[in-house]
Amino acid sequence: MSIRLEEIKPKRVMIVNRGEIASRVAKACRELGHTSVGLWTDNEPDAAHLEYCDEWVHLEGNGNAETYLDMAKLVALAKENNIDGVHPGYGFLSENGNFSTMLSEAGIIFIGPHNEAIKVMGDKATSKALARDAGVPVVPGTSEAVPTVKKALEVAEEIGYPILLKAVAGGGGRGMRACISPEEVQKNFEAVVRESTAAFGNGDLLVEKLIVNPHHIEVQIMADKKGNVYHFFERECSIQRRHQKIIEEAPSPFIGEDEELRRDICETAVKLARSVKYDSAGTVEFIMGEDKKFYFLEMNTRIQVEHPITEEITGVDLIICMIQSAFGDDLQIPSQEWIKKTGHAIECRICAEDPITMLPSPGVVTGFETNFPQGVRFDHCLYRGLEVTPDFDPMVGKLVAKGLVRDVAIRKMKAALAGLYIEGLKNNIPLHKVVMDDPVFNEGGYTTNYITDTAPQERIDKSIDFVSIYRKLAAAEARNMGM
Amino acid sequence: MRTYLIDSENSEYIIDLTKTVQHSSKLVEYEFCTVTENKVVNKESIFIRKLAGNYYCSDDNKAWKKIARQHIPRRLLNVDQVLKVYRGFKPSGLSGGASGELLTQMPGKVVKINIEVGQVVKKGECVLILEAMKMENEIKTSVEGSVKAIHVSEGDALDSGVLMVEIE
């Protein structure tokens, strides 16, 4: 079967984002024949993403609150520039239902899902209720506060141990305690009530099943306005620090060859997307236990940072699909069966951070070169002279390697990391190098506890390498001599 | 040329560039060593070759590796450390440039000028004091001769690379 490309009416697309994702969207616009309008702010006059934008517009202001988050200003700017559609990228206003409403009231298309989907999925309680109604498994437990120990014990008996006593108002790992037996529930209940009352001023507790050795697995969805919903297989994003992903891979090594499980989780995600008449790019996130049972966590109603690994294994340009869907154009996907996965892709997020403490570390890039093996993609916004400021996210690039099998992808990633030279700016390349050599990572069975359990940062060699310093000084001397 | 590297704990590494051989317009050989407790260690030759606009380095003039081109760096990255680089001097101001032209190596303010035009200075003599990075640095001449010109005055705030004094 062959598909003839329809003629697309050129549109004007404003990109309300910066950095690598703004470049990525601009490239897609150019390919489709749309005009991309890029923004630059007073605190980033050297916005490198403009390189790929057809038109440059000054978004006045310094902090994010008065620039990429100022909805009224952005809508006015879009009107002024005769914009047909706005792409929000990720972060900033990408999952803000009010922004998409304001745009549609101004007659401008929000390149993302419809308002209702953003609002429903943006709320943890309503999205879980919707998932339950759609027959999508959610983590077993109570949705309302459990008033007494007696009630907690009843619920625990029903859902099975181990369980988690969790403060309604808690978050970030606080106000939680795991219990493996009724005795532990007896012992911990009052303590968690006291703790959460002290910490959050609210002693209400939930009882939830504790997922042991969890995996973070998510399914990429793409849908159009005609009711077609497709999945693009899964990604495993279990390697996280501070609840943020740093390494992702597709497909999941934990699901591995279990095609039945893969089909099950992907079709579940499609079912959920259909239930909200989803019509754009989105990701359904699941938590999967060591027993391979999976439960719905949340749906991200935007393009995600790690979308390139899915593009690499399926060969489909997700940003292009997103733009096509928003303007009502054909996605050029004949059927779900046409979407096939080949090989394995890994992404390492390159961040301006201390590789040991993993804390953001702003600075200036004094040197930048690449020397990559075949089969490597680097989505980035780096250049010599780039100043990474505390104003924006510390992620400066996404290194993606692909191979027919996972081991080949890892080998390519190692070679790519060895050929990525960033000078002057602390970055997490040394951490990625240690992970790529780590036996636990190589076996592929790692869980979301990976960083805590294996502490790869402690295995980074910190000693001063004089030869490498000599090389850097020598290159600088040579440049100084005018060579 | 001596380079001082200072880490965040104020440990100091002294690296000397002991030899420069320009083999061709595209190939230079440098010899570096590290000075630890007055002993020379880690003596290494580094070759730099420019190829198609990029810089490559080699330890043996055979095996080459690409390297990120930098200006004379003020800071060097080593895993989780950003080392401050002082080329030809260190903040405590032990030495000056190799020629009769004294340039600022970093931005600073002229606190005191000890010389006058026409005065004869000896090697190692402190010619002026520059306040930089909240420290007073004695700027010493590494040549002997008479002061030809003084281009700055006390209180001037200077960028790096500014010519302060000429000695001939």
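How much area is buried between chain B and chain A, and what percentage of that area do carbon and sulfur atoms give? I looked this up in a predicted model. The area buried between the two chains is about 4100 Å², and carbon and sulfur atoms give 63% of that area.

**Entry: the interface.** I next listed the contacts and found 45 residues of chain B touching 43 residues of chain A. The rule returned 3 salt bridges across this interface. One that I examined joins A:Arg471 to B:Asp59, with 2.9 Å between the closest N and O atoms.

**Entry: the side of chain B.** I then asked which elements of chain B supply the side that touches chain A. Strands β1 to β8 of chain B each supply at least two residues. The largest share, 7 residues, comes from β4(B). By class, I recorded 24 nonpolar, 10 polar and 11 charged residues on this side of chain B.

**Entry: domains of chain A.** I found chain A divided into domain 1 (12-111), domain 2 (149-209) and domain 3 (215-466). Over C-alpha atoms, the centres of domain 2 and domain 3 of chain A are 33 Å apart.

**Entry: helix α10 of chain A.** I checked residues 318-326 and found 9 of the 9 buried, so this helix is largely enclosed by the rest of the structure. Among the buried residues are A:Cys321, A:Gln324 and A:Ser325. At the N-terminal end, A:Asp317 caps α10(A), a side-chain oxygen lying 3.2 Å from the backbone nitrogen of A:Ile319. Just after α10(A), I noted a positive phi of about 75° at A:Gly328.

Note on methods: Residues numbered from 1 in each chain as written. Chains lettered and ligands numbered in written order. Predicted model: local features only at pLDDT ≥ 70, side-chain atom pairs only at ≥ 80, totals over all residues. Heavy atoms only, no water. Buried < 20%, exposed > 50% of the residue type's maximum accessible area, 1.4 Å probe, protein only. Helix = DSSP H or I, 4+ residues; strand = E, 2+ residues; numbered from the N terminus. Polar contact = N/O pair within 3.5 Å; in protein donor to acceptor, adjacent residues only side chain to side chain. Domains from an automatic or database assignment. Contact = heavy atoms within 4.5 Å. Buried area = accessible area lost by both parts, 1.4 Å probe. Salt bridge = Lys/Arg side-chain N within 4 Å of Asp/Glu carboxyl O. Nonpolar A, V, L, I, M, F, W, Y, C, P; charged D, E, K, R; others polar.
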